[in-house]
Amino acid sequence: MSTSPEVIVDGQVNLARAAAKAGARRFIPSDFAVDVTKLEDGDNFMIDWRRRAAAGYAHAGLEVTSVLNGAFYEVMVGFMGLVDWDRGTLSTPCRAGRARGRRS
């Protein structure tokens with residue numbers, strides 16, 4: 001999994017352009033966790049990057065199909081630290097950059 005805008009934004013736009021140039025009809029972007037149209041700017045920096053990518057390939061002439069299977073387990077308990085098993089909490093990022101704890 002990548003956490004850089006070069007891969008998430010530039011990579012997706014370049015893939016879409018290459019797909020269109022090769023004659024593909026459909027593009028499936030790497031936005032597997034959530035619908036990027038349902039969050040506001042600033043809710044999550046990675047979603048913001050994906051939204052920038054979507055704007056970049058919006059006019060590529062491709063049908064875009066998103067596969068939304070929810071957050072990956074390793075993201076929830078890994079680098080984002082949203083699940084704290086010891087405290088029994090699930091945190092959700094908020095706009096101010098702090099986390100709100102919720103009892104599971």
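Accessible areas are computed by the Shrake-Rupley method with a 1.4 Å probe, and for residues only the protein chains shown count as cover. On this basis the protein exposes about 7,100 Å², of which carbon and sulfur atoms supply 55%. The model is a predicted one, in which local features need pLDDT of at least 70 and side-chain atom pairs count only at pLDDT 80 or more, while totals for chains, interfaces and linings use all residues. Residues are numbered from 1 along each chain as its sequence is written, and side-chain values use heavy atoms, with hydrogens and water left out.

**Overall architecture**

- The secondary structure comprises three helices and five strands; helices (H or I, at least four residues) and strands (E, at least two) are DSSP runs numbered from the N terminus.
- Read from the N terminus, the order of elements is α-β-α-β-α-β-β-β.
- Of the 104 residues, 24% count as buried; buried means under 20% relative accessible area, exposed over 50%, and partly exposed in between (1.4 Å probe, protein chains only).
- Among contacts with a separation of 6 or more, 55% are between residues 24 or more positions apart, a contact being heavy atoms within 4.5 Å.

**Nonpolar core**

- A nonpolar core is a set of buried Ala, Val, Leu, Ile, Met, Phe, Trp, Tyr and Cys residues joined through side-chain atoms within 4.5 Å.
- The largest such core consists of seven residues: Val-13, Ala-16, Ala-19, Phe-27, Ala-53, Tyr-57 and Leu-62.
- Helix H1 (5–21) and helix H2 (45–57) are the elements that each give two or more residues to this core, and H1 gives the most, with three.
- Beyond its neighbours within four places in sequence, Phe-27 contacts Gln-12, Leu-15, Ala-16, Tyr-57, Leu-62, Glu-63, Val-64 and Thr-65.

**Aromatic pairs**

- The structure holds two aromatic pairs; rings of Phe, Tyr and Trp (its six-membered ring) pair if their centres lie within 6.5 Å, with planes under 30 degrees apart counted as stacked, over 60 as edge-to-face and the rest as tilted.
- Phe-27 and Tyr-57 form an edge-to-face pair, 5.1 Å centre to centre with 65 degrees between the planes.
- Because Phe-27 lies in strand S1 (residues 26–27) and Tyr-57 in helix H2, this pair ties together parts that are 30 residues apart in sequence.
- Phe-27 is buried at 8% relative accessible area, and Tyr-57 is buried at 7%.
- Phe-45 and Trp-49 form an edge-to-face pair, 5.1 Å centre to centre with 75 degrees between the planes.
- Both Phe-45 and Trp-49 belong to helix H2, four residues apart, about one turn of the helix.
- Phe-45 is partly exposed at 46% relative accessible area, whereas Trp-49 is buried at 16%.
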